[in-house]
Amino acid sequence: MANTGGDYLQASEDLRKVFSERMKTARGERSLYSVAKATGISYSALWLYEKGETLPSTMSILAVADELDVSVDWLLGRCEKRKRR
C-alpha cells in the first residue's frame, strides 16, 4: 500500500517534534546564542528547530549533533544511544 500525503505530513510532524525535544535536551543550559555562534547556524533558525516549526537541513543536523556531542540518529529519534561512538 502506498504512503499517502497524510502519512508523509504526519511523519514530518513527528520528526520535527522529536528533533525539537532532543535538541533542547542536548543543549541543556547552553544558550541558543552560543550554539548559533559555534555552528554558524542563525539564532532564528535554531529557535525554529527547537519550537518544532521547521526541520533543519542535513548540514545543520550534522552541525548541531557535532556541537552538542550527540549522534545524528539520536537527534532524529532513530536510537536511544545519545552519545556519538
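This is a predicted model: local features need pLDDT of at least 70, side-chain atom pairs count only at pLDDT 80 or more; totals for chains, interfaces and linings use all residues.
Is S60 buried or exposed? With a relative accessible area of 11%, S60 is buried, because the cut-off for that label is an area under 20%.

**The whole chain**

Now zoom out and colour the model by secondary structure, where you will see five helices and zero strands. Followed from the N terminus, the elements run α-α-α-α-α. Of the 85 residues in the protein, 32% count as buried, and S60 is one that carries this label. Among the contacts that join residues at least 6 apart in sequence, 48% link residues at least 24 apart.

**Helix α2 against helix α4**

Return to α4 and show α2 with it, looking at how the two helices cross. Their axes come within 10 Å and cross at roughly 115°, and α2 and α4 are therefore roughly perpendicular to each other. The crossing of this pair is right-handed. Which residues make the contact? Select V35, A38 and T39 on the α2 side, and then A63, V64, E67 and L68 on the α4 side. Sorted by class, the residues of this contact are five nonpolar, one polar and one charged.

**Helix α2 against helix α3**

Keep α2, residues 32-39, in view and bring in α3, residues 43-50, which packs against α2 at an angle of about 120° with the two axes 9 Å apart. This pair is therefore described as oblique, and α2 passes α3 in a right-handed crossing. To display the contact, select L32, Y33, V35 and A36 of α2 together with Y43, L46, W47 and E50 of α3. These residues divide into seven nonpolar, no polar and one charged.

**A last selection**

Finish on V35, which is among the α2 residues in the contact with α3 and is also listed among the α2 residues in the contact with α4.

Notes
Residues are numbered from 1 along each chain as its sequence is written. Side-chain values use heavy atoms; hydrogens and water are left out. Axes are lines fitted to C-alpha atoms, for helices over the stretch in contact, and angles run from 0 to 180 degrees between N-to-C directions. Helices (H or I, at least four residues) and strands (E, at least two) are DSSP runs, numbered from the N terminus. Angles under 35 degrees count as roughly parallel, over 145 as roughly antiparallel, 65 to 115 as roughly perpendicular and the rest as oblique. A crossing is left-handed if the near helix is turned anticlockwise from the far one by less than a right angle, and right-handed if clockwise. Contact means heavy atoms within 4.5 Å. Ala, Val, Leu, Ile, Met, Phe, Trp, Tyr, Cys and Pro count as nonpolar, Asp, Glu, Lys and Arg as charged, and the others, Gly among them, as polar. Buried means under 20% relative accessible area, exposed over 50%, partly exposed in between (1.4 Å probe, protein chains only).
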